[in-house]
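Biologist: I would like to go through this model with you, term by term. Please set each value against its definition.

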Amino acid sequence: MAKAPRAFADPPIPNRERPAEPKPFEATKEQLLDFYKQMLLIRRFEEKAGQLYGLGLIGGFCHLYIGQEAVAVGLQSALDGDKDSVITGYRDHGHMLAYGIDPKVIMAELTGRAAGISKGKGGSMHMFSTEHKFFGGHGIVGAQVSLGTGLAFGHKYSNDGGVCLAYFGDGAANQGQVYESFNMAELWKLPIIFVIENNQYAMGTSVNRASSEDQLYRRGESFRIPGIQVDGMDVLACRGAAEEALAWVRAGKGPVILEMKTYRYRGHSMSDPAKYRSREEVQSVRDKSDPIDHVKKLLEAQGVTEADLKVLEQDIRKTVNAAADFAEQTPEPDAAELYTEVLVERY
Amino acid sequence: MAIEIKMPALSPTMEEGTLAKWLVKEGDSVKSGDIMAEIETDKATMEFEAVDEGVIAKILVAEGTDNVKVGTAIAVLAEEGEDASAVTETRSGEDANAAPKNQATDTASPPMPEGAAAAEQESGTQQLVAAAEAHAPATPEIPEGTEMVKLTVREALRDAMAEEMRADDRVFVMGEEVAQYQGAYKVTQGLLDEFGDRRVIDTPITEYGFAGVGTGAAMGGLRPIIEFMTFNFAMQAIDHIINSAAKTNYMSGGQMRCPIVFRGPNGAASRVGAQHSQNYGPWYASVPGLIVIAPYDAADAKGLLKAAIRSEDPVVFLENELMYGRSFDVPKLDDFVLPIGKARIMREGKDVTIVSYSIGVGVALEAAETLAGEGIDAEVIDLRTLRPLDTATVLKSLAKTNRMVVVEEGWPTCSIASELTAVVMEQGFDDLDAPVLRVANEDVPLPYAANLEKLALIDSAKVVKTVKKVCYKG
């Protein structure tokens with residue numbers, strides 16, 4: 001009688017090198033203050049954008065970043081602005097603000113004005129800053145993962161030492177092209193960090209309703225890409241993970257996946273009533289894990305007073321109000337702009 | 001009964017090949033599966049196996065013979081028990097006829113599968129190819145007195161890429177089988193040897209992924225050439241071509257560019273069925289933000305591909321597999337670049353304008369020859385670029401001839417022909433003496449059966465008939 005085939009493969013042998021468990025970033029007081037300011041700017045900016053949307057000044061789709069601020073701020077603070085590139089999906093306002101891009105041109109893009117960063121032709125989902133090596137701002141779920149792999153290909157091809165940070169959500173993590181990209185990125189050892197911003201809901205579908213493997217950091221295993229799960233509500237954890245990931249990638253060891261466990265307080269977009277989760281669930285995250293409150297407590301522990309923070313907050317409100325006023329008043333694009341920039345050259 | 005061993009067709013488009021090497025000699029016994037010879041096609045060197053058992057009675061075509069037509073008897077096999085020498089004697093009188101050099105001259109005739117008469121098996125794509133052979137008119141952009149070299153479309157495309165890669169380190173080629181395999185259709189032959197694996201990159205079979213990788217690389221400042229094994233497979237990647245590449249410049253207010261070339265064979269190939277036979281020209285040509293080029297001959301293939309690679313805009317470059325092996329004159333110039341968006345008058349005429357592009361141009365030219373014999377003087381225009389369309393050249397010709405027929409190897413519905421018809425209604429109505437008519441493929445998925453394929457595709461007879469109609473002579 002023939003031997004019965006083995007029912008199970010051998011358990012995986014941990015023969016592959018993996019990045020070390022990241023350590024929380026040890027921030028100086030100035031760095032902490034800086035994180036706080038950036039996150040608060042994103043929060044206030046997004047709240048204002050939500051307001052302007054309600055007033056009809058912003059149209060179409062508008063995806064707010066409220067609740068997820070620590071991810072963009074923590075990760076991008078670790079990048080080398082001269083070399084590294086960033087690409088993301090349509091929830092992109094926070095990533096732009098984290099680069100220190102003028103809130104006025106971002107808000108003016110949201111209101112569709114000529115002074116917007118895309119001259120009013122892109123809108124909320126399509127903003128770019130090649131100066132900062134920020135490559136958008138993409139509206140098709142998952143497309144930015146292949147495009148980001150292409151940016152990483154470019155870094156390697158040009159040998160410029162850069163790393164690409166490609167953000168995508170837990171929803172995009174189920175797109176086929178993500179895995180096509182994982183395969184090529186590891187095959188060619190491309191310098192890329194795949195950042196899954198797991199905010200628990202792909203529009204209205206929770207991760208475990210859509211994902212057979214809901215521990216998304218493991219999604220690279222069959223491509224031999226290591227993954228790290230990170231507390232995306234803690235900016236220091238985010239920064240620490242970014243440093244570990246960057247060290248791995250810069251050493252030529254190929255891509256790495258960071259799963260940032262985070263949460264969005266608002267609906268998927270402005271038109272989403274978010275009936276798929278309870279008010280209590282959202283409130284509980286706000287109360288227990290808010291990324292800004294977390295840093296506020298750390299700052300207070302370092303002797304920063306409530307009054308100091310108040311001044312800072314007032315400054316930020318001023319900046320955001322100025323951006324909103326600008327975005328409301330600055331003119332719409334000239335009608336002739338309709339036909340410009342379809343092509344670069346004339347034929 | 002002796003068996004004639006015939007030159008085999010080793011690819012759907014092969015019409016002739018080189019008998020590179022005999023691995024058996026007269027008197028050898030062979031059995032099914034034995035490798036008898038090595039045959040070089042335009043794409044690869046292939047081994048040729050025996051099907052029947054027997055003794056090689058006579059080798060009719062010596063090794064090293066070029067241009068052996070498919071279907072030519074290359075050896076005679078005596079079956080077991082048969083007298084090999086007797087077989088040789090009865091066959092020897094035919095040797096002169098089987099000499100490959102004589103056979104090679106008639107290049108326009110279709111491949112002849114073993115044991116079948118050509119007429120019975122002639123398929124639709126062969127009529128397209130046959131039409132393409134006969135005509136090679138002058139290109140207006142080439143200075144007079146320029147030395148011309150005969151090149152296949154395949155070689156011209158390869159030379160275009162190689163020249164641009166030599167000139168600009170940002171240019172690289174990526175796709176399935178482009179490097180080590182030397183190209184599924186051998187278009188990238190030799191590039192790996194010259195440029196190495198940094199710039200000639202084999203991908204996994206992952207069109208969506210590598211189209212995105214190429215597009216991202218272009219956004220980051222490189223100049224990728226993305227080869228699709230055929231444009232049928234680009235359907236998996238069309239999101240990146242349209243949503244990522246074509247719209248980037250506009251969406252970013254001119255901030256971010258995407259200088260990329262997506263290229264590969266498009267349109268009907270030979271007997272490959274519906275999923276591998278489609279013309280995507282009209283699809284891409286409907287998208288603002290893209291340049292769409294569909295060259296006909298080798299000179300255009302070279303000059304326009306070089307222009308595409310240099311363009312700051314994303315380009316869809318539609319080649320045609322049936323044309324890859326066709327030879328045309330190509331100017332011997334250091335840097336032969338053609339303008340994008342300029343049609344070419346292939347043949348001047350005064351009675352009717354026939355507009356076409358890609359492989360349809362050959363069909364149009366063949367029809368024009370026939371029509372000339374019947375007293376109708378047709379002007380033939382090759383559009384070359386499908387977006388932006390050179391409507392000025394078309395309208396100018398129409399103003400002269402007052403009649404127009406559009407010939408398109410593709411479906412009629414929502415086609416380039418539909419678009420041109422609309423353009424003429426809007427801008428050339430007063431010049432029309434007859435309605436604009438279309439000669440396009442039948443509005444069905446392309447069938448496999450040879451007779452049905454032939455019925456589905458355009459041919460010059462259909463064009464002749466339609467032209468006579470618009471000339472009120474049919």
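Biologist: What percentage of the residues of chain A count as buried?

Modeller: Of the 347 residues of chain A, 53% count as buried. A residue is buried if 20 or more other C-beta atoms lie within 10 Å of its own, exposed if 12 or fewer, and partly exposed in between; the C-beta atoms are placed from the backbone. A caution on sources: this is a predicted model, where local features need pLDDT of at least 70 and side-chain atom pairs count only at pLDDT 80 or more, while totals for chains, interfaces and linings use all residues. Residues are numbered from 1 along each chain as its sequence is written, and chains are lettered from A and ligands numbered from 1 in the order in which they are written.

Biologist: Which helices and strands make up chain A, by number?

Modeller: Chain A has 11 helices and eight strands. Both are DSSP runs, numbered from the N terminus: helices are H or I with at least four residues, strands are E with at least two.

Biologist: What share of the contacts in chain A comes from residues 24 or more positions apart?

Modeller: Among contacts with a separation of 6 or more, 76%. Two residues are in contact if their C-beta atoms, placed from the backbone, lie within 7 Å.

Biologist: How many residues does each chain give to the contact between A and B?

Modeller: Chain A gives 32 residues and chain B gives 39. On the chain A side, helix 5 (143-158) and helix 6 (176-187) each give two or more residues. Helix 5 of chain A has the largest share, 10 residues.

Biologist: What makes up that side of chain A by class?

Modeller: It has 13 nonpolar, 14 polar and five charged residues. Ala, Val, Leu, Ile, Met, Phe, Trp, Tyr, Cys and Pro count as nonpolar, Asp, Glu, Lys and Arg as charged, and the others, Gly among them, as polar.

Biologist: Where do the domains of chain B lie?

Modeller: Domain 1 covers 3-115, domain 2 covers 142-331 and domain 3 covers 344-470. The bounds come from an automatic or database domain assignment. The C-alpha centres of domains 2 and 3 of chain B lie 26 Å apart.

Biologist: Why are strand 17 and strand 22 of chain B called edge strands?

Modeller: Strand 17 (344-347) and strand 22 (437-440) of chain B each pair on one side only. Two strands pair if DSSP finds at least two bridges between them. The open sheet has five strands in the order 17-19-18-21-22 (chain B), with mixed pairing.

Biologist: How do you know that strand 18 and strand 19 of chain B pair?

Modeller: Five bridges join strand 18 (residues 352-356) to strand 19 (residues 378-382) of chain B, and the two run parallel. V352(B) has A378(B) as its bridge partner.
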